[in-house]
Amino acid sequence: MLLTSYEFIGFLALVIIINYLCPKKARKYFLLAASVLFYATAGLWGLLYIGAITVLVYISSRLIGKNQEAYAVWAKENKAVLPKEQRKAYREKQAGKRLLFLTVAVILCLGVMVIGRIPGLIAPMGLSFYTLQALGYLIDVNRENIKPERNFFKLSLFIGFFPQLVQGPISRYEELAPSLFEGRDFDIKNISLGVWRIMWGFFKKLVIADRLFSGVQTITSDTSKYRGAYILVLMILFSLELYADFSGGIDIVIGTAKALGIDVQENFIRPYFSKSLKEYWRRWHITMCNWFRNYLFYSVSTAKWLQKFSKFCRKRMGEAFGKRLPLYVATFIVWGATGLWHGFTWNYFVWGLSNWFILMLSEELEPVYEKIRGHIPFADKLPYRLFQMGRTFLLVCCMNLFDCYSSVGDTLGMFGSIFTEGNFGILFDGSLAGIGYSLSDAVIIAAGLLIMLCVSLLQRKGSVRERILRLAPPARYALFTCLLVAVLLFGIYGVGYDSTQFIYNRF
Amino acid sequence: MAQMDKLMEILTDLHPEIDFETQDGLMDKAILDSMDIVHLVTEIGDEFDVTISAKDLLPENFNSAQAIFEMIERLEEE
Amino acid sequence: MEKKKKIKNRVIFIISVILITAFLLLLQRLLVPKYVDGIVEGAFIEEYYREDKDFNVVFLGDCEVYENFSTVKLWDDYGINSYIRGSAEQYIWQSYYLLEDTLYYEKPDVVVFNIQSLQFSESQNEAYNRMSIEGMRWSPAKVGSILASMKEGEHFIEYVFPILRYHTRWSELTGDDFKYMFRKKPVTFNGYYMRVDVKPAENIPNPRPLGDYSFGDNAWKYLDKIVEKCDREGVELLLIKAPSLYPYWYPEWDEQVVKYAEEHGLRYINFLDHTDEIGIDYSKDTYDAGLHMNLSGAEKCSAYIGRILRDEFGVESRRGEEKLEKAWDAERAAYNAEIERQTEVYGLK
């Protein structure tokens with residue numbers, strides 16, 4: 001079930017109505033049943049994967065939790081009795097035991113995820129999203145940040161909450177669980193906020209992203225005809241499409257949850273307004289980045305072997321470099337993993353590593369930048385900030401090329417052709433009319449992007465929807481009708497169009 | 001209070017431009033990024049003979065100099 | 001005070017919902033194709049509902065009925081009050097549901113069904129589905145027809161709200177879309193679509209041999225349903241194959257129909273076997289080289305089938321019924337005017 005299908009809209013309407021008709025306490029069970037049904041429509045065998053992960057995580061989290069409880073009792077009893085050394089030894093032994101449970105579960109879950117994503121097979125929907133979410137929960141339990149959930153059905157709902165199953169976001173238990181299990185009462189405001197958000201998602205996805213798609217497809221499908229300046233056009237079009245598509249999908253997810261009275265974490269904060277790549281990764285696909293930071297980067301960088309390595313390096317290679325090297329190792333691992341999570345191909349791996357390289361390079365060059373900025377009198381003024389944003393956007397566009405072609409060779413070759421082909425004339429002589437957009441397409445895309453830009457600018461001063469809801473009712477309804485009609489008329493859907501799957505669905 | 005001074009020195013070395021005496025929300029507002037946090041873990045580990053592990057890397061432990069200090073004291077206890 | 005405000009907001013909400021719905025319905029009317037010029041085939045099905053609906057003979061089928069029989073001629077020669085419920089590439093399940101639909105309103109003496117559509121066991125083309133179904137009024141028959149016709153990628157809801165199907169037409173709107181938003185001009189004469197121009201049939205392509213000549217199960221199933229339905233309702237059924245040279249009607253196909261008709265005690269006329277008797281001259285009586293009859297050919301076919309309907313099926317003349325005479329006079333006037341107009345357009349004078 002695609003998030004933009006009629007089926008989903010109908011399903012959603014039913015779920016919302018029944019949810020509020022259910023008694024408060026039964027709502028979570030109803031949502032679980034709805035989620036199972038939702039997932040089953042994508043293929044029954046997909047249930048096998050999510051079921052396996054849920055059972056694995058449930059059992060191991062309970063084992064870890066039991067051990068923690070037993071240790072706490074032991075520690076209390078023996079605090080005054082045993083000497084510190086002995087207590088420390090026992091504590092470490094128990095921590096080791098829990099780490100073993102955790103490691104086994106993580107390996108098994110990753111195994112399930114890898115099996116599900118063997119290239120050539122059809123990956124079960126959302127597998128890599130819910131696996132990460134489940135593992136994050138398990139690691140949080142092991143870190144004693146949260147208590148393990150005793151109710152298997154509640155844990156299942158957390159892992160399989162249906163809107164998130166298609167393309168995330170990857171929620172943290174402590175953030176999602178309260179509103180997910182509470183079964184909030186009907187509130188017309190939540191419905192309004194949710195429906196607006198969903199419509200806005202439809203607009204971004206159907207009107208902007210799916211319309212941009214044809215040009216992207218034309219250029220990427222012919223590597224001998226479309227080179228040079230076309231690639232420049234491609235990376236910008238693709239980056240806009242990717243954002244409209246992915247964030248539009250997330251809007252639908254968050255709006256859906258909101259209408260059910262559930263708060264799902266934001267995944268994008270106007271990422272293309274970032275002034276550096278580092279900032280970009282705090283604003284793009286936020287929940288994934290948080291996951292890799294919290295659970296992988298922190299785990300690796302504070303691991304004992306790395307801390308030891310760090311000490312060793314500092315002794316042998318000098319304080320400044322020795323301090324940095326372990327960090328680079330840790331970030332290398334994280335970005336390599338991030339790349340591979342997107343897809344088990346060299347292309348994504350190299351994509352991850354180029355992110356790593358640029359991030360580390362700019363970290364190293366920061367003092368130089370600082371100096372340069374000192375010599376620019378308008379360094380904190382708008383024009384310079386705009387320059388920074390433009391630069392960061394282009395950088396991101398370049399790296400997104402890895403997503404356009406299937407091999408590293410093609411990607412780099414195409415990127416190189418921008419500088420060697422020398423065909424920048426095509427940008428002005430009308431050749432671009434041949435990449436698959438009609439005049440009306442171009443007008444709609446331009447208008448859609450402009451609207452998206454305006455909304456982004458408005459967003460900086462707080463939620464646009466909240467402000468809309470404060471308008472007088474007639475104005476509000478008129479505005480909503482405009483959005484609805486725009487989606488209805490200018491959206492790409494229905495017979496004659498193969499609805500492009502959400503670009504992020506694959507991951 | 002010598003301990004606190006040592007911590008302040010580490011912090012100011014890392015970010016001379018921040019006034020750690022008053023600043024809060026260090027981690028929540030991403031004033032300290034993940035790289036800074038890991039730097040701190042190494043430095044504090046060296047200076048204080050405590051092991052900060054991944055589970056301690058929470059905003060409530062890193063949002064202010066005071067919070068960091070309290071975390072160190074707690075870890076020394078263990 | 002608070003309560004007053006609440007009521008006021010509720011009233012505004014309800015009014016807004018009504019206004020928005022009305023607006024969307026208007027938008028839908030505007031975007032749906034009008035089929036008044038160029039491709040007119042989409043307008044046929046709908047025109048039936050304007051009639052008084054007490055016909056003696058109703059034709060069902062594809063272009064081989066709506067272009068090959070002149071209802072005006074049938075009235076003039078035999079006093080037979082008939083209507084053709086034909087549409088482009090009407091699939092057999094669509095014919096069945098049109099029969100059901102017709103029987104809601106009236107009970108004709110004879111239903112004439114053209115069996116060319118037996119060759120298709122599933123819908124071939126979404127556009128033809130649309131043209132055969134959209135004109136129907138909502139009824140269980142329409143729902144059945146949609147469900148039986150939908151191809152992969154089609155959605156039921158797109159038939160309920162055709163705006164979802166035609167939303168991209170905003171860039172192709174013409175003056176006609178506004179002009180005919182509420183009332184369309186008729187394009188047929190009791191379902192007969194007239195053409196007066198001539199294109200002789202020559203160089204008919206050789207038939208391509210088929211691997212399998214047997215009709216599909218689904219097609220047979222709906223023929224059975226048509227037979228049963230007529231039986232139950234006491235309506236006589238006449239099966240025909242119109243005299244089109246192309247698309248080719250294979251003898252192997254014909255045998256199956258002959259056998260079926262025998263088994264079920266039905267009358268089946270293959271017009272292709274009687275072209276001399278009817279007097280069809282393929283150099284004059286077709287407007288598209290043998291696919292369809294023009295006016296001259298259609299009138300000959302009507303004369304022929306009219307005699308059979310009168311003599312074998314006992315369809316009585318209703319000449320003299322004042323109301324009918326009046327209606328047919330008007331129809332004939334329009335018919336003659338159209339002949340006049342087309343003769344001019346095609347430069348036949």
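Author: Gladly; let us take chain A. Of its 507 residues, 39% count as buried, where buried is defined as having 20 or more other C-beta atoms, placed from the backbone, within 10 Å of the residue's own. Please keep in mind that this is a predicted model, in which local features need pLDDT of at least 70 and side-chain atom pairs count only at pLDDT 80 or more, while totals for chains, interfaces and linings use all residues. Residues are numbered from 1 along each chain as its sequence is written, and chains are lettered from A and ligands numbered from 1 in the order in which they are written.

What does the secondary structure of chain A come to? There are 20 helices and zero strands; helices (H or I, at least four residues) and strands (E, at least two) are DSSP runs, numbered from the N terminus. The radius of gyration of chain A, taken over C-alpha atoms, is 25 Å.

Along its principal axes, the C-alpha trace of chain A spans about 85 × 65 × 50 Å. As for contacts in chain A with a separation of 6 or more, 76% come from residues 24 or more positions apart; a contact here means that the C-beta atoms of two residues, placed from the backbone, lie within 7 Å.

For a strand-based counterpart, turn to chain C, where an open sheet of five strands with parallel pairing has the order β2-β1-β3-β4-β5; strands pair if DSSP finds at least two bridges between them.

Technical notes. Rg over C-alpha atoms; globule rule 2.2 N^0.38 Å. Buried ≥ 20, exposed ≤ 12 C-beta atoms within 10 Å, placed from the backbone.
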